[in-house]
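Some notes for your read-through of the model follow. Please keep the viewer open as you go.

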Amino acid sequence: MPSPENTAAQRLSELAASVEQAAHRFDAKGKAVQLVAVSKTFSAEEVRPFLAAGQRVFGENRVQEAKGKWPALKAEFPDVVLHLIGPLQTNKVREAVELFDVIETVDREKLADALAVEFRRAGRALPVFVQVNIGREDQKSGIDPDEAVAFAQRCRDVHGLDVRGLMCIPPADVPPGPYFALLAMLARQAGLAGLSMGMSADYKLAVGMGATHIRVGSALFGKRDYAAG
Ligand SMILES: *Cc1c(COP(=O)(O)O)cnc(C)c1O
C-alpha cells in the first residue's frame, strides 16, 4: 500500500499535469492556475498528507467546520491560504475574517458592507471574489448575472473591497461551458482578472476557458461522505 503522503503527492502531480495539458490544448496559461484543494468533510488527518506534499491553498465551505480543523493546521503550516467557498452569513463575518485568507462568496450588499466594517475593525483586509449565480438557480447563492458587474464595481468603489475576480458554480447535469464563458465575459466587463471556476468534474474545461482558480475536492481527497461530515 502506498503511504497517504505518496498518494497525496501523486494526486497533486496528476492534477497539475492534467491542468497543464488542458491549458496547452486550449492555449491557456496552465501554470498560472491556482489549485484550491477543497477539504470540506475531510478531517485534519486526511488533509495533512496534502500539506506534507506541498499543497498550501485550501477551500472550505463552512465556517464552523473550518474552525474545527484549520487553526491547528495553520499553526503548523503558517503559509496556508484558506479560501471560504460557501455562503457567509453576516453574523459569522468576524469568525470568517479571523480564520480565512480569501472570501470567494461575496454576493450581496449587506455582506459586502459587513466585510468592509470588519476589515477596518480587525485591520485585516482579505481579497474577495464576487459569487455569481450564473445559472439563476433558486437554490444557489450568488448575485444575478445581470447585476454582477455593477455589484463588483460597488464592492470595490463604495465598500473599498479588494475584489480579485468572480466565482461561480454552474448548474449540475448540463454542459458548463456556456456558464464559464458568461462568467469570463462578466469579469472582463467588470475589469477583473480572477475567475474561480471549475471543480473535479469540469476543471479541464474551466482552465481552457480562462479559470485562474479551480476548486477541486473529490478528485484529490476521494469521495465525500456527507453523513459523516
Ligand atoms: C464542494 C465544492 C467544490 C469541490 O467539488 P468537487 O466536485 O469535489 O471537486 C468546489 N466548489 C464549491 C463551492 C464546493 O462547495
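**Notes on the model**

1. Thr-41 sits in the loop that links β1 (34-38) to α2. Helices (H or I, at least four residues) and strands (E, at least two) are DSSP runs, numbered from the N terminus. This is a predicted model, where local features need pLDDT of at least 70, side-chain atom pairs count only at pLDDT 80 or more, and totals for chains, interfaces and linings use all residues. Residues are numbered from 1 along each chain as its sequence is written, and side-chain values use heavy atoms, with hydrogens and water left out.

2. Check the backbone at Thr-41. Its phi is positive, about 70°, although Thr-41 is not a glycine. Most residues other than glycine have a negative phi. Thr-41 counts as buried because its relative accessibility is 19%; the buried class is under 20% relative accessible area, exposed is over 50%, and partly exposed lies in between (1.4 Å probe, protein chains only).

3. Arg-136 also deserves a look. Its phi is near 50°, a positive value in a residue other than glycine. Arg-136 is in the loop between β5 (127-132) and α6. With a relative accessible area of 46%, Arg-136 is partly exposed.

4. Next, α2 (residues 44-52). Its buried residues are Ala-44, Val-47, Pro-49, Phe-50 and Leu-51. Their cover includes α1 (4-25), β2 (57-60), α3 (63-76) and α9 (218-221).

5. How do α1 and α2 pack? Their axes are 8 Å apart, at an angle of about 65°. Axes here are lines fitted to C-alpha atoms, for helices over the stretch in contact, and angles run from 0 to 180 degrees between N-to-C directions. Pro-4, Glu-5, Ala-8 and Leu-12 of α1 meet Pro-49, Phe-50 and Ala-52 of α2; contact means heavy atoms within 4.5 Å. By class, the residues of this contact are six nonpolar, no polar and one charged. Nonpolar covers Ala, Val, Leu, Ile, Met, Phe, Trp, Tyr, Cys and Pro; charged covers Asp, Glu, Lys and Arg; the others, Gly among them, are polar.

6. Compare the pair α6 (145-157) and α7 (residues 177-190). The axes of α6 and α7 come within 9 Å and cross at roughly 40°. The two helices are therefore oblique to each other (angles under 35 degrees are roughly parallel, over 145 roughly antiparallel, 65 to 115 roughly perpendicular, and the rest oblique). On the α6 side, the residues are Pro-145, Ala-148, Val-149, Ala-152, Gln-153 and Arg-156; on the α7 side, Leu-182, Leu-186, Gln-189 and Ala-190. The contact has seven nonpolar, two polar and one charged residues.

7. Is His-159 buried or exposed? At 12% relative accessibility, His-159 is buried. His-159 lies in the loop between α6 and β6 (162-168). A 2.7 Å polar contact joins its side chain to that of Glu-109; such a contact is a pair of N or O atoms within 3.5 Å, and within protein one must be able to donate a hydrogen and the other to accept it, while residues adjacent in sequence count only if both atoms are side-chain atoms. Beyond neighbours within four places in sequence, His-159 is in contact with Glu-109, Ala-112, Asp-113, Ala-116 and Arg-154.

8. Last, Val-80, in the loop between α3 and β3 (81-84). Val-80 is buried, at a relative accessible area of 4%. Leaving aside neighbours within four places in sequence, Val-80 is in contact with Leu-51, Arg-56, Trp-70, Lys-74 and Asp-101.
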